[in-house]
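Reader: I would like to go through this model with you and ask where each label comes from. Could you start with the terms?

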Amino acid sequence: MENRPTSLPEYRITESTMTPSIEVKQLIKKYSFYKKEPGLIGSIKSLFRREKLYVEAVKGINFSIQPGEFVGFVGPNGAGKTTTLKMLSGILYPTGGDVQVLGYKPFERKAEFQKRFALVMGQKNQLWWDLPAMESFLLNKAIYEIPDELFNKNLKELSELLDIKDILDVQVRKLSLGQRMKCELVAALLHSPKVLFLDEPTIGLDVVSQNAIREFLKTYNKEQGATIILTSHYMQDIRRLCDRVIIIDHGALLYDGTYDALHTQYSESKILEFTLVHKVDVKEIEAFGKILDIKDRTYSIRIPREKTAEITGKILETFSVDDIVIHERDIEEIIEEIFTDRRVKRV
Ligand SMILES: Nc1ncnc2c1ncn2[C@@H]1O[C@H](COP(=O)(O)OP(=O)(O)OP(=O)(O)O)[C@@H](O)[C@H]1O
Ligand SMILES: [Mg+2]
């Protein structure tokens, strides 16, 4: 048995006070499993002597999320995102630390708590495969004790917003991935949860379906005031939906702040793009920064952030310039750099 906390202090709170919807303190998850050598001999050996192995998937993370926030939870494969969301949903016991969602301890799995959050996993099917989605919706209606009126209202609104009215009676196995994901979202939201954990809800979808789901989530967050944590490997999801980003790697937080501030905090360079009246020798351009691209008379160079004004001024002095633009670097590039740069300080 894992380190289950022995005393469980009761500190349920009301939502009306501006208490955080989600509070995570020094949260730890260690998985233990037995090493097994391959093949039949390995299986037989493991009956007599089993070597226990541990993985520390989440290493004492802290964050606090206010009601109505839409937070992007980003990190490379194996960073600990799904593990954290499972602890927030009460599927996994934390090995250490504290977690509260809407004032509840998720792992207590209280019925009132279950009715107020939803977990949607893009990689897992929660709908009945051989039945039409409508049957799963009705099952959820019974499980969550959703009154008829609320069920009908939510079903109508959600299926209209996601444009799936025509497929509710089709066997789930016959739906496309995008249609199924939309049905998964409806199933998860019929009970009007105030907190939503979305684990890669757009994975594998085409651009049109990704956009539809993004728009829908944006509306749901705004209109319902729902608190949402979203994990995604598509930076477009994060860019379009989340004001705040939490970056995790190897079970530890690397960044917690606004999406926009990522540039100032982590990007040491900017891109300067300028078009000259006449073509010049490449060497003359190289003197100002690393050349990234040349298209006819337009040059892109990388320059140190703190020298932006100085270098821009010098270029204007040196050449006859038609046009000059300063760009921030792509957020994808910065995040990739954060993942690979072990010197980055942890928050
Ligand atoms: N049931 C388990 N038993 C043992 N180790 C596990 C288990 N589930 C996850 N892990 C390990 O815990 C670490 C974190 O996994 P997790 O699934 O939380 O990562 P993730 O950030 O969601 O990654 P991805 O982007 O690939 O979904 C990984 O090293 C993984 O191998
Ligand atoms: Mg995951």
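Author: Gladly. A nonpolar core is a set of buried Ala, Val, Leu, Ile, Met, Phe, Trp, Tyr and Cys residues joined through C-beta atoms within 7 Å. Buried means that 20 or more other C-beta atoms lie within 10 Å of a residue's own; with 12 or fewer it is exposed, and in between partly exposed, the C-beta atoms being placed from the backbone. The model is predicted: local features need pLDDT of at least 70, side-chain atom pairs count only at pLDDT 80 or more, and totals for chains, interfaces and linings use all residues. Residues are numbered from 1 along each chain as its sequence is written, while chains are lettered from A and ligands numbered from 1 in the order in which they are written.

Reader: What makes up the largest nonpolar core?

Author: That core has 71 residues, and Val186 and Ile247 have the most contacts inside it. Helix 6 (residues 177-189) gives the largest share, 7 residues; helices (H or I, at least four residues) and strands (E, at least two) are DSSP runs, numbered from the N terminus. Another core lies apart from it, with 8 residues, including Leu272 and Phe274.

Reader: Which residues does Ile247 touch?

Author: Leaving out residues up to four places away in sequence, Ile247 touches Val74, Gly75, Leu253, Leu254, Tyr255, Ile335 and Ile338. A contact is a pair whose C-beta atoms, placed from the backbone, lie within 7 Å.

Reader: Why are the buried residues of helix 4 said to line one face?

Author: In helix 4 (residues 133-143), the buried residues are Ala133, Ser136, Phe137 and Asn140. Seen down the helix axis, they fall within an arc of 105°, so they line one face. The arc is that of the directions from the helix axis to the C-beta atoms. These buried residues pack against helix 5 (148-161) and helix 6.

Reader: How do you know which elements supply the shell around ligand 1?

Author: A residue counts as near if its C-beta atom, placed from the backbone, lies within 6 Å of the molecule. Strand 1 (22-35), strand 2 (51-65) and helix 2 (81-89) each supply at least two shell residues, and helix 2 has the largest share, 3 residues. Among the residues around ligand 1 are Tyr31, Val55 and Lys81.

Reader: How many of the shell residues are nonpolar, polar and charged?

Author: The shell divides into 5 nonpolar, 6 polar and 1 charged. Ala, Val, Leu, Ile, Met, Phe, Trp, Tyr, Cys and Pro count as nonpolar, Asp, Glu, Lys and Arg as charged, and the others, Gly among them, as polar.

Note on methods:
Contact = placed C-beta atoms within 7 Å.
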